[in-house]
Amino acid sequence: MSTRTTWRRALYALTAASAGLAALTIPATAAQAHENGDRTITVNGSQVFPESVAADHRYVYTASMADGTVYRGRVGAKTLDPFLPAGQNGRTQVTGVKLDGDRLLLAGGFTGHFFVYTSAGQLVSDYTVAGADKTLVNDAAVAADGDVYVTDSFRAVVYRIPAAEVHAPAAGAHRPLQVAYHLPDYVAGTSNGNGIVATPDGRSLIVGYWNSGALYRLTLATGEVRKIDAPALTSADGMVLRGNTLYVARSVDTEIATVRLSPDYTRATVLSERTYPGADTPTGIAASGDRLLVTNSQFDTFLYGAPLTSPVFTLESLPLR
């Protein structure tokens, strides 16, 4: 049985459970930097399984898929420490992590939640998916007008959160996630729409599919969804866009793809595919200055409940090239 087939089955099975892992008590230790310009950042937690990463000019954030703890550290620091505790506000899982000014955006994975916090850690809103169908609230992108768009890997939709709600007072409001767009080519029982980014011109979203590796352009004004003419990037997970250069974390393939998009976002060319020492199921990626931050999520061991590959959970800081 192929690794990808096993992942599909594991993802499907996990929709019936939240994060029912036994606590892992192996202590974290400092990791070493690499000679080629890569730098390792240690996340100080025993069951982190960091699915995503985000950064601004002050802080780097990641969060635990296993228990929902949010971790934070100064840009350039060698460690990230707990910032928001596990289970707070019912936050028991986190997949996608994004920043929007003074707002921290957290996707709640299989729990069907999406959280908006202030940078000080106050809850603005807790959004939930309606209905009993399986859900995987996975990743988010902030458009030029401040609206936030969210993928659900088990539903053929993109949700929208208006900018006014994102920047509302921190009142801990409870709101439903509202469907804004429908996506094509979904395959039942596996992870589909996953990584999502907004184009700099404010007109489109780029959505990557984990299962097929396809990229799609979604035009915000019309809702038109067009498959981008590009090689398949199977296990495409987190993505970050700089100009017309798209960086894609390919989890099962254990590599980072650098992709050049055409000016109209209808075609794409793979410029390079690279890995790095210690790469372990990279599911999340963010740009920070002249660096790429990548999660070594160990997500395969989370899905299987298998022994950890490493007792230390880490991010990798790579030269942006």
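Predicted model: local features only at pLDDT ≥ 70, side-chain atom pairs only at ≥ 80, totals over all residues.
Strand 1, spanning residues 39–43, is largely enclosed by the rest of the structure, because four of its five residues are buried. Strand 25, made up of residues 313–319, runs antiparallel to strand 1 and is joined to it by five bridges. Strand 5, which covers residues 79–84, runs parallel to strand 1, and two bridges connect the pair. T42 takes part in both arrangements: it stands opposite T314 in strand 25 and opposite T79 in strand 5.

The chain has 321 residues, and 56% of them count as buried. Of the contacts between residues at least 6 apart in sequence, 52% join residues at least 24 apart. The accessible surface is about 12,400 Å², with 51% of this area belonging to carbon and sulfur atoms.

Confidence was examined along the chain. The mean pLDDT is 90, and 89% of the residues reach 70 or more. Residues 1–10 have pLDDT below 50, and this stretch has 24 contacts in the model beyond near neighbours in sequence. Residues 12–33 also have pLDDT below 50; for this stretch, the contacts beyond near neighbours in sequence come to 46.

Backbone torsions were considered next. Most residues other than glycine have a negative phi. Two residues with positive values are described here. F49 has a phi near 45 degrees, a positive value in a residue other than glycine. F49 lies in the loop that links strand 1 to strand 2, the latter formed by residues 50–55. With a relative accessible area of 2%, F49 falls under the 20% cut-off and is therefore buried.

S235 likewise has a positive phi, near 60 degrees, and is not a glycine. The loop that holds S235 runs between strand 18, residues 225–227, and strand 19, residues 236–242. The relative accessible area of S235 is 0%, so this residue is also classed as buried.

Definitions and conventions: Residues numbered from 1 in each chain as written. Heavy atoms only, no water. Buried < 20%, exposed > 50% of the residue type's maximum accessible area, 1.4 Å probe, protein only. Pairing = 2+ DSSP bridges. Contact = heavy atoms within 4.5 Å. Areas by Shrake-Rupley, 256 points an atom, 1.4 Å probe, with all protein chains shown as cover. pLDDT = per-residue confidence, 0-100.
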